[in-house]
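Trainee: I would like to learn how to read the features of a protein model. Could we go through one together, slowly?

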Amino acid sequence: MTQVPFFSFAAMHNALGEAPFDVFRRFWDEQWYILGASVAEFETAYAHWNGTQYCVGVANGLDALHLALRALHIGPGDEVIVPSNTYIATWLAVTQTGAVPVPVEPDLRSYNLDPARIEAAINPATKAIIPVHLYGQSCDMTAIMAIAAKHGLFVVEDNAQAHGAIHAGKRTGSFGHLNATSFYPTKNLGALGDAGATTTDDAQLAEQIRLLRNYGSSRKYYNDLPGYNSRLDELQAALLSMKLPFLQQWTEQRRNLAALYTAQLADIKDVVLPECTEPERHVWHLFVIRTAQRDALAEYLGAQGIGWMIHYPLPPHLQEAYRSLGYQRGDFPLAEQMADTCLSLPLFPGMSEQQVEQVVGAVRRFFT
Ligand SMILES: Cc1ncc(COP(=O)(O)O)c(C=O)c1O
C-alpha cells in the first residue's frame, strides 16, 4: 500500500535544484561562517517580506522569544500571559527570564488565545502578552493590541507557525513590539537545522537583540551587557534566503490541500474540522482535526501507512517540567480537551490530491 508520509521535504528540495550545493561550495571557498553577509542579506529580505523595519536572526525560535523578553527587561517578579495550548517553547521563554507564565485558554474555533479571556488574567505584575498564531492562523491581533495598549503591556508575537499569515492586511510578526519566529526545518519557512529570528519596527529593540545574541558585544572582545551566544548561522541564512522566494507558492499549495481536506471531510460528523474564517489568510502550518476517537483513529491511520502527529499531547501546565507551578488536570479544560482530541493530518508542499484522497478515504473507512 502506498504510504502517505506526515511530511516530506522532497518537493521543496526539488524546487531549489542545485543552488544549495553552489552555496555550500561558495562557503567552503570563502571561509566566513559567523555573522557575515548571508545573515545580513537574509535579515533584510525577511524584514521586507514580513513588513517590518528590522529582522535580527538568532539561533532558534525559543531563543528568539527569550531574547525578545530579555530586551523588554522582563524578569523575576513579572508575569507574562501565554496560551494554555501551545508548544512548550512559549512558556520556556518566559520561565528562562525568571518571570511567570500566566495561561489563558483558547477560543475553540480558532485554537488561538481568546481575547475575551485575557483581561481577567491581567494584574499589576503583568508585563506582556505572547499570542501564538497556532497551526498557521493569526490571532485576533486587533483585539489583543487594543487590550495591551489599554493596560500598558508589551506584545511579543510567537510567529513560529505562521510565516505569512495575514490579519487586517498585515503579516503576523509585524504587530507586536518585538516578535519571534522559528525556522525549524519543518516550519513553513524552514532551514536545514535550527534557526530563528526576531522582527520589530523599533530600532533600539533590534539593536538590543543584536547585542544579546552575540555575547552582549558590538565590538569584538568588548561587552556592553551579559549576553548569549544565539547567532543565526551563515549557511542557514543563505539557505533561508534561497527558500524565501518560494514561500508564497508553497503557502498556496498548503491552502489548496487544506481546502481539499475541508471539502472532503465535511460530512463526517464525528470529526471537528479546523475553522478558518479567512481562507486566503491562513498559512496552514498544520491541518488539525479533532475527534473523541483520536487515539483509535491515529492507530488506524498508522496501520494504513498514513502519517499523523499530535500537536500537542500534553499541555504545558501538565508537563513534569512545570510541576513546580502547581497546576492540576482540570485547571485549563480547553487546552486539555485539545490535547486529548486533536490529530494533525499530513500536509506539506508537494503533497498530491491523490494523497489527500488516500488520507480522507482512510478517515472515512474508520468512521463507517
Ligand atoms: C509555537 C512555537 N513556538 C516556539 C517554537 C520554538 O522554535 P524552535 O524549535 O526553533 O526553538 C516552536 C517550534 O518548535 C513553536 O511551534
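Trainee: Which residues lie nearest the centre of the largest pocket, and how many residues line it?

Mentor: The lining of the largest pocket is made of 31 residues, and those nearest its centre are Y87, S182, Y184, K187 and Y312. The elements that contribute two or more residues to this lining are α4 (61–71), α5 (89–97) and β8 (179–182). When the lining is sorted by class, there are 17 nonpolar, 10 polar and four charged residues.

Trainee: What is the volume of the second largest pocket, and how do the residues of its lining divide by class?

Mentor: The second largest pocket has a volume of about 370 Å³, and among the 18 residues that line it, S110, Q137, S138, D140 and T277 are the closest to its centre. Its lining divides into five nonpolar, seven polar and six charged residues.

Trainee: How should I read a cavity, and how many cavities of 30 Å³ or more are there?

Mentor: In a cavity, a 1.4 Å probe fits but cannot get out. The count here is three cavities of 30 Å³ or more. The largest cavity has a volume of about 80 Å³, and the residues that line it include H311, Y312, L134 and Y135; by class, this lining has nine nonpolar, three polar and no charged residues. The second largest cavity holds about 50 Å³, and Y111, Y135 and W284 are among the residues that line it.

Trainee: Are Y111 and Y135 buried or exposed?

Mentor: Buried means a relative accessible area under 20%. Y111 has 3%, so it is buried, and Y135, with 5%, is buried as well.

Trainee: How many aromatic pairs are there, and why is the pair of Y327 and F332 called edge-to-face?

Mentor: A search of the whole structure gives 16 aromatic pairs. In the pair of Y327 and F332, the ring centres are 5.2 Å apart and the planes meet at 75°, so the pair counts as edge-to-face, since planes over 60 degrees apart are given that name. Ring pairs also link F42, Y46, W49 and F183 into a cluster.

Trainee: Which charged ends sit over rings?

Mentor: The charged end of K170 sits over the ring of F175, 4.7 Å from the ring centre, and that of R219 sits over the ring of Y222, at 4.0 Å.

Trainee: What pLDDT does the protein chain average?

Mentor: Where pLDDT is low, predicted coordinates should not be read in detail. This chain averages a pLDDT of 97, and 99% of its residues score at least 70.

Technical notes: Residues numbered from 1 in each chain as written. Predicted model: local features only at pLDDT ≥ 70, side-chain atom pairs only at ≥ 80, totals over all residues. Heavy atoms only, no water. Phe/Tyr/Trp six-rings, centres within 6.5 Å; stacked < 30°, edge-to-face > 60°. Lys NZ or Arg CZ within 6 Å of the ring centre and 35° of its normal. pLDDT = per-residue confidence, 0-100. 1 Å grid on protein atoms, 1.4 Å probe; cavity = no way out; pocket = protein on both sides within 12 Å on 5 of 7 lines; lining within 4 Å. Helix = DSSP H or I, 4+ residues; strand = E, 2+ residues; numbered from the N terminus. Nonpolar A, V, L, I, M, F, W, Y, C, P; charged D, E, K, R; others polar. Points joined across faces, edges and corners; volume = space filled by probe spheres on them. Buried < 20%, exposed > 50% of the residue type's maximum accessible area, 1.4 Å probe, protein only.
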